[in-house]
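Here's a walk through the chain on your screen, going from single side-chain pairs out to the overall layout. Keep the viewer open as you read.

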Amino acid sequence: MDYTTTTSINLARLLKEGGTARAQGVVQEAFVVGEERFPLQGEASWRVAIASVGGNEYWLSGEVEGVVLMECRRCLKPTPTRIHAHFQHLLHYEPGLEEVVFHEEGEEEFYAFGLPDLDLLPFLTEAFVTEMPYTVLCEEGCKGLCPVCGADRNVEDCGHEPEAFHPFLGLKDLLPEL
């Protein structure tokens, strides 16, 4: 099967005959969540399988992997970070439903869909972004940015000395000298 840049799968045959439908493809450029953009280095590849489990229920399972460019927490340099995420979801087919809707009933969670073309991008994005670490370092010994002038200390020595930090340092101005 060739990789495609589309992120949907047509389930018309699966809805009529049952069985399993498979698809694979790539996501280019970035994953987007609201206003937040997570740029990719190259492409993120994905593959899914959707199997009929009886009635109007289907089991979606898949994986997505790629390299996201995250900012180093010390120097803000774009840092390639490999992500490999797996996901599984229960789907309910409800004819006529225009969009995919998440349901939580008691301890059961599922997504309801009503069109034979199922957009996989929300599932891929959720799995990929959820698997990303909160922060990364470009390298273990990253010196970060100078708090005085903003220079990247990994590239140049600006001459500013790091201030000694003490949790009570801010209180020195509040107390008269003894």
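Arg47 and Glu63 pair up through their side chains in a salt bridge, at 3.0 Å from N to O. The two residues sit 16 apart and tie together distant parts of the chain, with Arg47 in strand 3 (residues 36–54) and Glu63 in strand 4 (residues 57–71). Bear in mind that this is a predicted model.

Are the two partners buried or exposed? Glu63 has a relative accessible area of 17%, so this residue counts as buried. Arg47 comes in at 34%, so Arg47 is partly exposed.

## The other salt bridges

How many salt bridges are there by the rule used here? The count is three. One of them joins Arg13 to Glu17, where the closest N and O atoms are 3.8 Å apart. Both of these residues belong to helix 1 (residues 12–17), and they are four residues apart, or about one turn of the helix. In general, an α-helix has 3.6 residues a turn, so residues three or four places apart point the same way. Arg13 is exposed, at 62% relative accessibility, and Glu17 is exposed as well, at 62%.

Glu29 and Arg37 also meet through their side chains in a salt bridge, at 3.8 Å from N to O. Here Glu29 is exposed, with a relative accessible area of 56%, while Arg37 is partly exposed at 47%.

## Helix 2 and what covers it

Helix 2 spans 121–131. Which of its residues are buried? They are Phe123, Leu124, Thr125, Ala127 and Phe128. The cover over the buried residues of this helix includes strand 2 (20–33), strand 3, strand 4 and strand 5, along with strand 7 (108–113) and strand 8 (117–119).

Glu126 is in helix 2 too. Its relative accessible area is 38%, so Glu126 counts as partly exposed. Setting aside neighbours within four places in sequence, Glu126 is in contact with His89 and Tyr111. Glu126 and Phe87 are 39 residues apart in sequence, but C-alpha to C-alpha they are 9.0 Å apart.

## A loop residue, Glu94

Glu94 falls in the loop between strand 5 (78–93) and strand 6 (101–105), and with a relative accessible area of 31% it is partly exposed.

What does Glu94 touch, not counting residues up to four places away in sequence? Its contacts are His103, Phe110, Ala112, Phe113 and Gly114. Gln28 makes another handy reference point: Glu94 and Gln28 are 66 residues apart along the chain, and their C-alpha atoms are separated by 31 Å.

## A nonpolar patch on the surface

Phe168, Leu171 and Leu174 make a nonpolar surface patch of about 340 Å². Leu174 belongs to the segment after helix 2. At 64% relative accessible area, Leu174 counts as exposed.

## The overall layout

Zooming out, the chain has two helices and eight strands. Reading from the N terminus, the elements go β-α-β-β-β-β-β-β-β-α. The radius of gyration is 24 Å, well over the 16 Å that the globule rule gives for 178 residues, so the chain is more spread out than a compact globule. Along the principal axes, its C-alpha atoms fill a box of roughly 85 × 40 × 25 Å.

The chain is split into domain 1 (8–131) and domain 2 (143–177). How far apart are the C-alpha centres of domain 1 and domain 2? They lie 44 Å apart.

Of the 178 residues, 34% count as buried. The chain exposes about 11900 Å², and carbon and sulfur atoms supply 51% of that area. Among contacts with a separation of 6 or more, 48% come from residues 24 or more positions apart.

How values were computed
Residues are numbered from 1 along each chain as its sequence is written. This is a predicted model: local features need pLDDT of at least 70, side-chain atom pairs count only at pLDDT 80 or more; totals for chains, interfaces and linings use all residues. Side-chain values use heavy atoms; hydrogens and water are left out. Patches are made of residues with over 30% relative accessible area and no salt bridge: like charges are joined within 9 Å, nonpolar side chains (Val, Leu, Ile, Met, Phe, Trp, Tyr) within 5 Å. Accessible areas come from the Shrake-Rupley method with a 1.4 Å probe; for residues, only the protein chains shown count as cover. A salt bridge is a side-chain nitrogen of Lys or Arg within 4 Å of a carboxyl oxygen of Asp or Glu. Buried means under 20% relative accessible area, exposed over 50%, partly exposed in between (1.4 Å probe, protein chains only). Domain bounds come from an automatic or database domain assignment. The radius of gyration is taken over C-alpha atoms; the globule rule is 2.2 Å times the number of residues to the power 0.38. Contact means heavy atoms within 4.5 Å.
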